Amino acid sequence: MTFDNDIEQQSILETLFGYIQSEDFEQGFHWAKTQAQLDNSPVIALIDQLESDPKIKPRQCESLAEKDKLLLFCASYSLARHLVEESNWYSKAETLVRSGITALEAMPFSALNTTLQKFAAIQIDICTIDRGIYTSQDWLMAAAAENIEVHLASVAAVSNDLNGIECQLYSKYLLTEFNAYRHFMRGVAIVAELYRIRWEDPVTLKQQMNNNKATFDQAVDALTADDKYIMSTDLESLWPPLAFFSENRPQGSGELFVERGAISISYFASVNHIVTRELRQALAKLVKDRPAEDPLHLCQWGCDLPQRNMLNDIWAGIAKDFEDIYSWQLPSLDMPFRDRDNIGKQLEFDVELIYYPMGIFALNLKAQLDDVSASGVRHAMSLGTPFAMDQQMSWNGEKVGLFEEFAEERFTELAETLNHNFDHFEKSVKHLLTFNSIENRYVSTRLDRMVEKNNGQTVGIGARALKQHFAYPALVLPQRELRSAVDDWCLRTVTSEEHNINKDCYNHDEFVYTNRHECVLGLLEQPNWVLEQSSEMMDVAAAITNMFHLTNTLLSQQLTQSLNQAVPALKQKNISAKVLRGHVQKLETEKECLRQFTNDAHWLLDLINAGSMMTFPDHSSMVKKVFQQMDFENLHIRTQDTLNKIQYRQEEIITETARIYEQLQTRNSKRFTRILSGSMALISVGALKDIFDILNGSNMGINISGELQVSIVTFFGIMLIILLINKNETK
């Protein structure tokens with residue numbers, strides 16, 4: 001790439017860096033795309049591809065003009081920076097950056113080209129630093145800082161080869177960016193090393209912090225002076241957790257680990273109440289008959305045949321009505337997890353789809369948490385949130401970035417399968433499956449055994465000691481989107497003991513915390529069968545709560561539809577008794593389904609309020625508190641209010657439609673009488689006699705006898721009456 005005589009390429013770079021300096025990356029992407037469209041260039045197809053498929057291969061760039069290759073770089077880089085700013089799709093952003101570098105590599109070699117490639121590559125390391133911060137993996141930060149230092153050294157080595165125009169562009173746009181990266185890299189390298197020793201001797205940590213504080217502050221101040229205020233605040237926020245560690249962690253304490261535990265990440269989808277009864281019947285028949293092929297096998301997912309599940313014996317109140325529980329075992333999902341030493345460490349999630357009566361599907365992903373640090377537990381908990389960092393996971397031969405995305409794809413495919421089985425009044429049932437992976441989710445974390453690691457020694461920790469440990473807040477604090485530094489949980493106020501709902505069932509030193517989206521079970525003094533019961537309790541409570549939440553969403557849509565639904569008018573051309581009967585039949589079916597759901601909901605609420613949902617009083621009291629923490633009561637009140645409004649509107653529509661039906665019947669009856677009377681007048685005896693006389697007197701050789709004349713008149717009269725009656729019935 002030579003810029004001396006290519007003013008157009010110079011202009012492209014100047015415009016790109018204008019957007020970079022203003023940090024308007026989205027607009028930078030649209031500018032590059034618009035330029036390609038204005039030129040009617042073939043590169044527009046590749047730019048359009050970036051949002052859905054970010055990977056560009058070298059052969060795709062071979063036939064492009066040099067200007068188009070540069071525009072492709074601009075689009076890829078700008079979109080990557082936009083994703084980093086607006087989402088957690090860091091892996092996708094890194095792929096976009098690599099695609100931009102691929103476009104530059106396809107251009108002629110030059111010093112500026114090499115410099116641009118290094119500039120882009122540093123953004124990949126910035127993504128790695130962010131990932132290290134958000135997931136508390138200090139070793140990622142350290143490795144990224146080292147990579148940035150290598151890139152900067154390469155830039156320094158090639159900068160002497162820049163020609164006149166290239167040197168001007170470098171000095172005007174790139175030099176300030178590289179200086180900022182150098183300051184940021186030095187600051188990150190310092191805190192990464194301090195984070196590495198944060199669980200070692202607090203005195204040593206404090207000494208090292210004192211030794212490096214001046215250099216760290218210089219990096220922050222330099223960024224501020226260079227008008228890189230955002231980078232300076234990002235760097236500055238990494239220091240407070242270290243200060244808290246050095247000042248508050250007790251001498252002689254070690255790092256907290258889960259020796260044995262588990263995590264369950266669940267997403268929920270509710271079935272339209274119109275088909276819940278038929279779905280239960282279809283599943284019961286499927287499990288009983290075990291046909292070789294059936295759409296509900298879900299064989300496209302590599303599932304085992306569905307099987308019927310039973311609730312634990314603690315659910316006496318709902319066991320009979322909840323006996324129709326069905327589950328499908330899907331292939332496992334694998335995810336590399338905190339693999340510091342590159343030994344292939346990963347989490348293996350068992351994937352199960354469960355259908356509960358009353359119409360709720362739960363997609364559960366469960367994995368063991370063995371030998372995972374407290375920071376790692378928080379990382380695992382965050383995977384089931386809308387603000388999770390994307391991962392490089394694999395399932396059934398597919399790549400998966402986010403659990404949220406995985407759930408949406410499975411539920412979308414499930415809805416298509418169900419719609420092939422259940423057709424009600426329309427070819428495809430609207431909203432047959434309602435789901436929202438951002439809202440309708442639940443993460444359950446179970447802590448079975450805890451240990452403390454210190455100076456190569458591993459010591460078991462009991463329930464009481466756990467609650468007094470420095471890292472205890474990491475286990476019980478709710479997840480939040482704001483994560484400004486490694487282990488910033490230490491700066492938050494620990495969850496109050498008043499929210500611990502363990503008292504009814506468990507020992508006083510144990511803990512159970514829950515809300516609508518997550519729970520943690522710290523039952524370190526219980527046998528395994530109690531842990532299994534407790535986990536199931538939380539799973540069922542979460543399924544019921546999300547059923548009401550999703551049903552509320554569906555009912556709100558139905559209420560809007562009912563309020564906007566017009567009663568057929570008698571003057572409409574296509575109005576008929578048949579159409580009205582079908583309309584009323586549909587409404588009556590929906591009304592009956594709603595009534596059944598209402599009865600089931602009242603039954604369930606009565607069981608919860610009466611404390612008879614479960615076999616034993618302590619469990620009933622416990623699950624009642626769980627529902628309170630999940631805000632179940634407000635959900636139920638809202639749902640019932642919406643149900644009442646829908647049912648009232650349905651009654652209005654049914655009553656009015658019935659009235660129109662009666663009016664139509666009366667109108668058709670009068671019309672029939674008028675037509676019949678007129679018709680009979682037309683075929684009066686006198687008129688028919690004239691017709692037959694004309695025929696008998698003609699030269700056609702026709703002679704119709706009196707008896708035959710009577711038969712003809714009678715036949716046509718009967719045919720006319722039958723025709724009118726049939727026509728009237730179809731109105």
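**Helix packing and strand pairing**

Trainee: Quick one: are α8 and α11 roughly parallel or roughly antiparallel to each other?
Mentor: Roughly parallel, so α8 and α11 fall in the class for angles under 35 degrees. Over 145 would be roughly antiparallel, 65 to 115 roughly perpendicular, and the rest oblique. Bear in mind that this is a predicted model, where local features need pLDDT of at least 70 and side-chain atom pairs need 80 or more, while totals for chains, interfaces and linings use all residues. Numbering starts from 1 along each chain as its sequence is written, and side-chain values use heavy atoms, leaving out hydrogens and water.

Trainee: What angle do the axes of α8 and α11 cross at?
Mentor: Roughly 30 degrees, with the axes of α8 (residues 164-196) and α11 (residues 239-248) coming within 11 Å. Axes are lines fitted to C-alpha atoms, for helices over the stretch in contact, and angles run from 0 to 180 degrees between N-to-C directions. Helices are DSSP runs of H or I with at least four residues, strands are E runs of at least two, and both are numbered from the N terminus.

Trainee: And which residues of α8 and α11 meet?
Mentor: On α8 they are I190, V191, L194 and Y195, and on α11 they are W239, P241 and L242; contact means heavy atoms within 4.5 Å.

Trainee: Switching topic: is S76 buried or exposed?
Mentor: S76 is buried, because its relative accessibility is 0%. Buried means under 20% relative accessible area, exposed over 50%, and partly exposed in between, using a 1.4 Å probe and protein chains only. S76 lies in α4 (residues 66-86) and touches L50, L96, S99 and G100, not counting residues up to four places away in sequence.

Trainee: How many residues of β10 are buried?
Mentor: 11 of the 14 in β10 (residues 441-454), so that strand is mostly covered by the buried cut-off.

Trainee: What does β10 pair with, then?
Mentor: β1 (residues 255-271) runs antiparallel to β10 over 12 bridges, with E255 opposite K453. β13 (residues 518-522) pairs with β10 in the parallel sense over five bridges, and R446 has L521 as its bridge partner there. Five bridges also join β10 to β11 (residues 457-461), antiparallel. Two strands pair if DSSP finds at least two bridges between them.

Trainee: Which residue takes a positive phi in the hairpin of β10 and β11?
Mentor: N455, near 55 degrees, in a hairpin with two residues between the strands. N454 stands opposite Q457 in β11.
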